[in-house]
Structures are given as structure tokens and as C-alpha cells.
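Hi everyone, and thanks for coming. Let me put the chain up on the screen, and then we can walk through it together.

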Amino acid sequence: MSKKRWLKYFIITLVTVIVWATIEIFWTSLASTAVDSTYLLEHQLLKVTNRENSEYPIKIVQRRVRPTEVWPFVYEKIPDLPLENDYISKETGEVNTEETLVSRLIRYHFYVKGRAPNYRFDWKLTLADYLGANDYLQSSVYPGNDSLTENPMKGDRQAIQNLTRSQRNVLVNRLVDIFGGDSNPPSIPEIEQRDNSGRLAPRAPMVPQPGDADLLKP
């Protein structure tokens with residue numbers, strides 16, 4: 001083999017070795033960066049979870065929890081909302097307590113109507129659907145229709161209609177606080193009724209009134 005040809009093969013071999021070494025270093029660095037980023041995110045989430053400020057559950061919702069799993073944060077602040085979770089699962093034949101009024105309301109808002117989660121007006125439109133003041137609910141696509149032995153749409157409509165306007169406004173505010181990521185959400189006012197003596201009185205179910213369509217107003 002001539003000296004010229006030998007030198008040519010030597011240069012080609014050297015370049016090949018350098019290229020492969022560079023590729024290996026690149027992938028090793030990339031993998032290390034990905035691991036460090038994952039660790040940093042988990043570490044931040046752990047720090048957030050261990051704090052007991054009301055703002056942190058909202059941030060956890062945005063980072064780790066699907067929209068359909070935020071309903072406990074709603075009931076946490078508004079415990080007098082009806083659960084409507086006594087429906088039987090088609091799959092297990094048992095009552096599915098995770099199937100709540102608020103969870104189905106959120107799924108209807110997101111997946112049936114495709115509305116934005118961080119605007120009050122959009123949530124008011126959704127509640128107006130339940131009140132029959134905007135769009136009609138369709139039983140065939142209503143959340144829970146395929147997974148429960150009984151379609152919960154009728155019961156959910158009645159539950160929303162039985163809420164007072166004040167309760168519906170509180171519900172809308174809470175949903176916007178959760179999905180809007182407000183770091184300092186406003187406190188949820190207590191909803192209560194008192195008799196003439198100032199004592200707490202039991203709340204009677206409310207029936208829809210003609211003025212309920214005003215819920216659409218901003």
C-alpha cells in the first residue's frame with residue numbers, strides 16, 4: 001500500500017472516531033440533563049406538596065392532576081354542594097363515589113362543549129346549559145352515560161337548578177381560581193341563611209326562577 005493511500009485511510013479512520021466520540025458525548029449529556037430536569041421537577045412538587053398554604057393545591061392541579069380530578073378541591077371549599085355520587089358503575093356493579101356532580105360538570109365543560117376553563121363567562125355558559133337558559137344538554141353525550149347504569153343528566157340538572165344564585169357564583173369563582181392558577185385566590189364566602197332571630201336556618205331547596213337567565217351576565 002502506498003504511503004499516500006495509507007495516509008488517506010488513516011485520516012478517514014481518525015475522523016470517524018472523532019465523530020462517534022462526539023455523538024456519544026452529546027447523548028450522554030442530553031440524558032444527564034433530562035434526569036436532572038426530572039429530579040428538579042419532582043423535588044419542586046415535593047416541596048409544594050409539603051406546604052399547607054391553600055394556594056399550593058391549585059398549583060399541583062395545574063402541574064400533575066388531570067382536569068377531571070380537580071373536583072375534590074371544589075368540595076373542599078364548598079362542602080354544601082350536592083355530591084350526586086350514588087350512581088352504579090356498569091363495570092363493577094357498585095356505587096362509584098368518584099362520579100360526582102362537579103366531576104361531571106367539569107367533563108361536560110371540557111370535553112362536550114370544549115370551553116375555556118379559566119374564564120367566568122364560559123363557566124356561566126355551562127351552568128346556563130343546566131338551567132335551560134343557553135344550550136340543551138344531550139343525554140347521549142352527557143358524562144357518565146356510558147359508564148353508569150343510569151344516566152345522571154336529569155339528576156345533575158335538578159341539583160344545579162336547586163342551587164341559589166349565590167351558590168352558583170361561588171362555584172364559578174372556585175373553578176376559575178383552580179384552573180386560572182391564582183396564587184392568592186379570594187376566600188370563598190360562607191353561604192348560609194338565618195331566621196329573624198339571627199340563628200342559622202335550614203336551607204330549603206330552590207326551584208328555578210325566571211330571572212335565572214341573568215346568570216349569563218358578566
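One term before we start: when I say contact, I mean heavy atoms within 4.5 Å. With that in hand, let's begin at Val74. Setting aside its neighbours within four places in sequence, Val74 is in contact with Leu81, Val102, Leu171, Arg174, Leu175 and Ile178.

A word on where this comes from. What you see is a predicted model, where local features need pLDDT of at least 70 and side-chain atom pairs count only at pLDDT 80 or more, while totals for chains, interfaces and linings use all residues. Residues are numbered from 1 along each chain as its sequence is written, and side-chain values use heavy atoms, with hydrogens and water left out.

Now the overall picture. How many helices and strands does the chain have? There are seven helices and zero strands; these are DSSP runs, with helices being H or I of at least four residues and strands E of at least two, numbered from the N terminus. Of the contacts with a separation of 6 or more, 60% join residues 24 or more positions apart.

Next, burial. Buried means under 20% relative accessible area, exposed over 50%, and partly exposed in between, using a 1.4 Å probe and protein chains only. By that rule, 31% of the 218 residues are buried.

Which residues touch the most other members of the largest nonpolar core? They are Val74, Leu81 and Leu175, in a core of 29 residues. α3 (71–77), α4 (101–112), α5 (120–130), α6 (153–162) and α7 (165–180) each supply at least two residues of this core, and α7 gives the largest share, seven residues. By nonpolar core I mean a set of buried Ala, Val, Leu, Ile, Met, Phe, Trp, Tyr and Cys residues joined through side-chain atoms within 4.5 Å. In soluble globular proteins, nonpolar side chains tend to be buried together.

Let's look at one helix pair. Leu105, Ile106 and Phe110 in α4 meet Leu171, Leu175 and Phe179 in α7. The residues of this contact are six nonpolar, no polar and no charged; Ala, Val, Leu, Ile, Met, Phe, Trp, Tyr, Cys and Pro count as nonpolar, Asp, Glu, Lys and Arg as charged, and the others, Gly among them, as polar.

Last stop: Asp86, in the loop between α3 and α4. Is Asp86 buried or exposed? Asp86 counts as exposed because its relative accessibility is 55%.
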